[in-house]
Amino acid sequence: MTGKQTCTKKWMALLLALCICILGIAGNSVAASAAARTAVSSLKLSVGSRNVTKKTYSMDVNEKASVKVTAKPSAAGKNAVFKSSNSAVASVSKKGVVTARKAGAANITVTVSSKRYQRKTTWVTIYVRPEASKTPDTDTPGSGNPDSSLHIKEQGIFSAGGTIITADGTFDPADQWEETGAGQTLHADHANVLYQIPENETGLPMVFLHGYGQSRMGWMTTPDGREGWSDLFLKKGHSVFLIDQPRRGEAGSSTVSGTISTKPLEQRWYTQFRIGKWENGKSNPNEGSQFPNSDQAVDQFFRQMTPDTGMSSDMGSDFDNETVAKAVAAAIDEAYSRTGKNSILVTHSQGGGPGWTAARYTQHIAAIIAIEPGGAPDAQSEDFQAVLAQKIPVTFYFGDYIDNGDPAIQATGMWQMMRQACYSFSENYNAGGGNSTVIDLPKIGITGNDHFLFQDLNNDVIADHVENWIQGNVSTDANSGSNASAGSNSGSNNNPGNNPGSSNNTGNNSGSGTAASNKILVAYFSWSGTSQKQAEAVAAQTGGELYRIERETPYSTDYNTVAYGEAKDEADANARPPLKNPLSSVSDYNKIVLCYPIWWHTAPMVVGTFLERYDWSGKTIYPISQSASMSVSQYEESLTFIKGCAKNAAVDAGLFSRNDSDVTAYVSGTVLGNR
Ligand SMILES: Cc1cc2nc3c(=O)[nH]c(=O)nc-3n(C[C@H](O)[C@H](O)[C@H](O)COP(=O)(O)O)c2cc1C
């Protein structure tokens, strides 16, 4: 038997183990088939020498601690699988040794299962203290994680937009308590905007718009008093413009009268916002939740809610989208006149609606980041067309408990529908030449988030992800409404990995703006041969040129090493390992068939290295993928990854199949048929 055959046999056995683990992590399959098994009735954790009772543990940078698992029945504890939600903050080894790497928060989840025992998962949240503020361990999250103090160059507050109504009649200046209003004015329906410009302003301004029942406060702090997104993004070099929309908070002056409801409805919102279940008079968050669930924090959370002065419905159904959109556009124009830069508009929930409409009233939106919006406009709508006409890059973020939410909670299905509308938006937007992505956080290993993900315990982790998206997708060109992906000049994108000119490639590899010939490139990555076989068949069918994507340092041929070491580390770190044999140019091709396996729920990171190296303007990528579990959601995650990496490319919905005849049909129908 050759070395390769020995390795393949071992790999098959280990692959089976991986599949069991992956299916377990992915969802219901293991639990469903495990009815006859003994449940793991208790699962306890200790970190260092202490039992974890509060589910939190504070560590200093570079400190190590062992997570120990005690499970009943005891044999179940022997096969624990550890995973970190944020390895950059705290990584965890196969044996449960946690290493604190940098300030922030990470969830370490531990899953225990075996053939005889039903799967059970528990977790501990690790807070890594900032180096400057090391204090004796108190097991408390502390008041934020300032990496450095914040220096504000300028701040202030102003009103933007709005209207003035003047009553009929004549105002008599001598009648100082005139009460009919005759001839008097009302300034109303404006936005109130609090702004801060950091000393070290390196990025574009960010304009934040809250959702239903909220005000700007939700962006400024968290229920447990940590730093809100406004501080986190100020520290990343963005000025912030925090809106109280017309008829809310400090912009209470309204041209229509509303009814301020006194109806107690807090538990309704708590449940529909996917925090958990309210049982026995207490907050009972979902398993693995990132909601800060102390009694004081829950109290503070509810006190953030604030009514609208111009609505009568306590469901927000008489929300005045148009009025809010105009005021938001006015705030963005004002941000432009104060900073000379276009703004990144960040919306939440019901704020999503006026976010799209605002594009009809201003030319100064650099990007839209929609956090769990209540849907997205369809491709025929005026709002969609207004956003697309300006080629505004768009991204959506969704938290957890949507696919895996309790079906008894009515909102579980509602969130699935809302997210689906955003997937459809993205598809149509990309097909129309725009750039849009849906970030489904659990699919990239960031779990436990509810509707208020920017306030959750890992709000810094998500802020880092958002900042990466900005770096990769939004032009910092201050005066243009154009964006990095739609523009022809990739050099204006400040993502170094995305600038073809910066590669050490010898060829003329930009491809930007040059007319490509009709050649097809069949690029593939394959570890154990399946994608290679598919790619070879595609090349034979199309006459395309084959190109193998290889890591500079080859991946190990040992399955355990590649699966749980190299590939997992790279996926956790969202790494871009260097290529062995980069193409000097892709300018000759206009169609790229990309074959790859699913690795850790997405494409192998080295595929990202390949895609980020070139400018794909005017080219279409046709993904073909397959995996052990054939989980469609993992394939979708890989598509999101590809769209994020392949700047300016049109990315087809592709094919996810292991079946040879499917590949042949897809190539002749879509790749060659160009439909
Ligand atoms: C490092 C690694 C990670 C993997 N991760 C996943 C995964 O997340 N989901 C899955 O269904 N299969 C996963 N697999 C299985 C591969 O997708 C599957 O074996 C595929 O057929 C391999 O394609 P290839 O022969 O072209 O390498 C993984 C395999 C490896 C080696």
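1. Two strands are taken to pair if DSSP finds at least two bridges between them. Helices (H or I, at least four residues) and strands (E, at least two) are DSSP runs, numbered from the N terminus. On that basis Val207 stands opposite Leu345 in β20.

2. On provenance: this is a predicted model, in which local features need pLDDT of at least 70 and side-chain atom pairs count only at pLDDT 80 or more, while totals for chains, interfaces and linings use all residues. Residues are numbered from 1 along each chain as its sequence is written.

3. Overall content. The chain has 16 helices and 29 strands. Of its 675 residues, 47% are buried; a residue is buried if 20 or more other C-beta atoms lie within 10 Å of its own, exposed if 12 or fewer, and partly exposed in between, with C-beta atoms placed from the backbone. Two residues are in contact if their C-beta atoms, placed from the backbone, lie within 7 Å. Among contacts in the chain between residues at least 6 apart in sequence, 74% join residues at least 24 apart.

4. Strand β20. This strand covers residues 343-348, and six of its six residues are buried. Both faces are covered: Ser343, Leu345 and Thr347 are buried on one side, and Ile344, Val346 and His348 on the other. Strand β16 (residues 206-209) pairs with β20 in the parallel sense over four bridges. Strand β21 (residues 365-371) also pairs with β20 in the parallel sense, over six bridges. Within β21, Ala367 is the bridge partner of Ile344.

5. The largest core. A nonpolar core is a set of buried Ala, Val, Leu, Ile, Met, Phe, Trp, Tyr and Cys residues joined through C-beta atoms within 7 Å. The largest one holds 100 residues, of which Ile126, Val207, Val328 and Ala331 touch the most other members. Helix α7 (residues 321-339) gives this core its largest share, 10 residues. Why does the core lie between domain 1 and domain 2? Domain 1 (42-134) and domain 2 (150-262 + 306-473) both give residues to the core, so it lies between them; the domain bounds come from an automatic or database domain assignment. A second, separate core of 53 residues includes Val522, Tyr622, Cys645 and Val651.

6. Val207 and Tyr336. Not counting residues up to four places away in sequence, Val207 touches Phe241, Ile243, Ala331, Ile332, Ala335, Ser343, Leu345 and Val346. Tyr336 is found in helix α7 and is buried, with 20 other C-beta atoms within 10 Å. Tyr336 and Gln363 are 27 residues apart in sequence, with a C-alpha to C-alpha distance of 9.9 Å.

7. Ligand shell. The ligand is surrounded by 22 residues, the closest being Thr530, Ser531, Pro597, Ser627 and Ser629; a residue is near a molecule if its C-beta atom, placed from the backbone, lies within 6 Å of it. The elements that give two or more residues to this shell are α1 (3-26), α12 (530-542) and α13 (559-572). The largest share, three residues, comes from α13. By class the shell has 11 nonpolar, 11 polar and no charged residues. Here Ala, Val, Leu, Ile, Met, Phe, Trp, Tyr, Cys and Pro count as nonpolar, Asp, Glu, Lys and Arg as charged, and the others, Gly among them, as polar.

8. Backbone points to check. Most residues other than glycine have a negative phi. Ser349, in the loop between β20 and α8 (352-358), has a positive phi of about 55 degrees. Ser349 counts as buried, with 23 C-beta neighbours inside 10 Å. Asn574, in the loop between α13 and β26 (589-597), has a positive phi near 50 degrees. Asn574 counts as partly exposed, with 17 C-beta neighbours inside 10 Å.

9. Ser84. This residue is found in strand β6 (residues 81-84) and is buried, with 21 other C-beta atoms within 10 Å. Leaving aside neighbours within four places in sequence, Ser84 is in contact with Ala90, Ser91, Val92, Ala106, Ile108 and Asp572.
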